[in-house]
Amino acid sequence: MADFLTSTHRAKWIFSPQQLDEKYRAANQRAKQVLEKCGATLMEVDVDGSLSYLEPQMTAKDGAEKHSRTKPLSIEEEQCIRVFYENKLQEVCNNFRFPHKIQATALIYFKRFYLQWSVMEHQPKHIMLTCIYAACKIEENHVSAEELGKGISQDHQMILNNEMISLEFDLIVYAPYRSVEGFINDMEEFCNAGDDQLQMLKTLQNTARSEVDKMMLTDAPLLFPPGQLALAALHKSNALHKVIDFDSYLESMFSRQNSMHTISELSESLHGIDSLELWFSSVLHGPLCVRKYKVPSDKELKHINRKLKSCWGHSSHDEGKKREKKSKHKSKKSSNEAQNMSSLL
Amino acid sequence: MGDGGGSNRSNSNKPEWLQQYDLIGKIGEGTYGLVFLARIKSSTNRGKSIAIKKFKQSKDGDGVSPTAIREIMLLREITHENVVKLVNVHINHVDMSLYLAFDYAEHDLYEIIRHHRDKVNQSINQYTVKSLLWQLLNGLNYLHSNWIIHRDLKPSNILVMGEGEEHGVVKIADFGLARIYQAPLKPLSDNGVVVTIWYRAPELLLGAKHYTSAVDMWAVGCIFAELLTLKPLFQGAEVKATPNPFQLDQLDKIFKVLGHPTLEKWPSLANLPHWQQDTQHIQAHKYDNTSLYSVVHLSPKSPAFDLLSKMLEYDPRKRITAAQALEHEYFKIEPVPGRNAFVPCQPGETFVNYPTRPVDTTTDFEGTTNMQSSQPVSSGAAVSGSMPGGHVSNRSVPRPMNVGSMQRIPHQAMQAYNLTSQAGMGGGMNPGGIPMQRGVPQQQLRRKDQMGMPGYPPPQKSRRI
């Protein structure tokens, strides 16, 4: 793929933790203000082509009542919702048996989108599906919106309506999976691997890949370049399997620095950090980034979701009707999943 | 890219993104949509020309066309002197149309070749040919080293800058078929037919499932020959059928000049579907002794001929790469290539002034998509032009594109957008500075101040001195 060093991914989409916090706060703040002003936060595409907030149809009195009732989501609650839909996104991709690359691309789109917007402004279910659809197109693995919509009992028109929005952000993204592969190849050479060792490196790779899967559900892809995430994943995997002497591998890599830009980036971010060990642990667990998101209980999630719906200005009456309609179109193949989804949508 | 949202801040009827330009008129048309010429109004770049490519809304009901997506995703990532520069992306949510704004290039190889063949009746001078070819290879080497195959190189997609700071600089354009070929999820052949037939490499014609950047080098060879002779090298007749029919005539034209390919010279030939199945008895065709050098009027011992024949090597694995070609002796002997392909460094050399593109000032941004009669839009007077569009892809040869298209139910985007909603909230709606534009209904694109004014200058045929 095009060179990461000169990519928009590197130039525009890697942030410091402070920058991320700032962005999440700004989006949340804006939605809160809109909620106070308009009583609902959901954005729609206007007839004139601009995006605007949807004013709920109601009388002044109703409005006043509603305003006092509707509470905005907190930043933490927004995060819970995002994490929930990122998990959903992985599920949907797995059910369609899409390649990992597509799943990773879609996840990164989803994260980028909600850096700019609050979940109170754009429904994450729609954005999630749009991100998957766009990722399929970008990776030249075209799936029609209709097919995608059918597979999960959702109206595919919504996907198409939102697709343009996905063009707002840069479309070529780099996930750590390929970097893991690259490091494994390099390690094969480094330890001049025989058959036994090749087998162990395979194990190392597989565990590292599932580590990357976990990272993809955190802020990590917005905080570190993919090469560094791959290295951290391999480090953790190696702590488990003890396949290679990681320190001497890194040393050898640093000595070849010129040839591998991932490493020069790594040493940049190592600047000011006392030890490599500390860096790895901070990538994986620590204050530096991959803040372990709290997984909310079902009950908590339902509560947040109710709040979210009232922010959108959806009355429970409308929802009931919608669900009824939806269930009629439910396809057999994925009815389980649809139930899963609609239980929370 | 982009200059922020908040399209409703102004009182004018024109969407904000359009207000930064003076629309001059239409300069081209292709399967994807229309191309317009516009000039920047802002003081920093006043008068700078911009080509705006408008993509039609997709008809197959499957959203933004893959062609537009490829252009946007790839061109945002790459920067090179010999690759066209995407300066802005504008989105109109109402009719799902997309506008891509590029730096404008006044010329293209198709028009340059045509001018020499039909107007001045003389060959292109050697300095110009060599400079154009070198710059084309330079841009292509950049693309290939970034794992991008263009897949639609042909003279009309190779632009050359007009007068100004970049005069005579080559720009590779039209990335609608381009793709990254590193670690593809599916075989590249799944994209359907690629490359306009006259420039299509033999491995593609023989049905290869996988192919490489070598397909671009074959096209460069064909373009090189065309620059020398002013005639397409392999002018086969296309079989029109779907999907991807066997193109016997095109192969026949190639074999006549280059001879029959042999398994000895091209071992993987045996695995190519059409060869293997001996489609239309292709294996048995007999060809006389071949003579590429006589077709292109080159001495078989000249460096130019050596380079050309290496580009037209049958076996894609043996075909010269862009990087290797740049190092070829041809570029080291006099005249050496230069940055301005039109104006040789040596004084005393004559050079040709190429005509500018014709501009259809009667078509506005609504173009053919609007049923109402179109209004003149341009401020007109300043415009002189005389050539059909340069970012246009289907001209002499129809562009055989069936990439990623699928049968889909009709598109109902318009209904979906007829939502009741309040007016936009103006500035501050895009705090993240998301690079995008939002349009307004089409009727508003028309410039009211120009309506009803008679007597717009027709497209002029003028030549610059």
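Residues are numbered from 1 along each chain as its sequence is written, chains are lettered from A and ligands numbered from 1 in the order in which they are written. In this predicted model, local features need pLDDT of at least 70, side-chain atom pairs count only at pLDDT 80 or more, and totals for chains, interfaces and linings use all residues, while side-chain values use heavy atoms, with hydrogens and water left out.

Chain A holds 18 helices and 2 strands. Helices (H or I, at least four residues) and strands (E, at least two) are DSSP runs, numbered from the N terminus. Chain A has 345 residues, and 58% of them count as buried. Buried means under 20% relative accessible area, exposed means over 50%, and partly exposed lies in between (1.4 Å probe, protein chains only). Among contacts in chain A with a separation of 6 or more, 75% come from residues 24 or more positions apart. A contact means heavy atoms within 4.5 Å.

Helix 2 of chain A covers residues 17-38, a run of 22 residues. The expected span is 1.5 Å times one less than the number of residues. The buried residues of helix 2 of chain A include A:L20, A:Y24, A:A27, A:A31, A:V34 and A:C38. A:N28 and A:R30 are also among the buried residues of this helix. An α-helix has 3.6 residues a turn, so residues three or four places apart point the same way. Just after helix 2 of chain A, A:G39 takes a positive phi of about 90 degrees.

Further backbone features lie in loops. Most residues other than glycine have a negative phi, and most peptide bonds are trans. A:R97 has a positive phi, near 55 degrees, and is not glycine. A:R97 sits in the loop between helix 4 (75-95) and helix 5 (100-116) of chain A. A:R97 counts as exposed, at 75% relative accessibility. A:E140 also is not a glycine, and its phi is positive at about 55 degrees. The loop between helix 6 (124-138) and helix 7 (145-151) of chain A contains A:E140. A:E140 counts as buried, at 14% relative accessibility. In chain B, a cis peptide bond joins B:E334 and B:P335, with omega about -10 degrees. B:P335 lies in the loop between helix 11 (322-326) and helix 12 (413-417) of chain B.

Over all chains, the whole structure has 26 salt bridges. A salt bridge is a side-chain nitrogen of Lys or Arg within 4 Å of a carboxyl oxygen of Asp or Glu. Side chains of opposite charge can pair when their charged atoms come close. One salt bridge joins the side chains of A:D170 and A:K12, at 2.9 Å from N to O. This pair links distant parts of the chain, 158 residues apart: A:D170 is in the loop between helix 8 (156-166) and helix 9 (176-190) of chain A, and A:K12 is in helix 1 (residues 8-12) of chain A. A:D170 is buried at 1% relative accessibility, whereas A:K12 is partly exposed at 37%.

A salt bridge also joins A:E139 and A:K101, at 3.6 Å from N to O. A:E139 lies in the loop between helix 6 and helix 7 of chain A and A:K101 in helix 5 of chain A, so the pair ties together parts 38 residues apart in sequence. A:E139 is buried at 9% relative accessibility; A:K101 is partly exposed at 25%.

In chain B, the side chains of B:K53 and B:E71 form a salt bridge of 2.8 Å, N to O. The pair links strand 3 (residues 49-55), which holds B:K53, to helix 2 (residues 66-77) of chain B, which holds B:E71, 18 residues apart. B:K53 is buried at 2% relative accessibility, and B:E71 is buried at 1%. Salt bridges that share partners join A:K12, A:D170 and B:R76 into one network.

Confidence was examined for chain B. Its mean pLDDT is 76, and 72% of the residues of chain B reach 70 or more. pLDDT is the predictor's confidence in each residue, from 0 to 100. Among the elements of chain B, helix 11 has the highest mean pLDDT (98) and helix 12 the lowest (31). Residues 1-12 of chain B have pLDDT below 50, and this stretch has 33 contacts beyond near neighbours in sequence. Residues 368-465 of chain B stay under 50, with 292 contacts beyond four places in sequence in the model.
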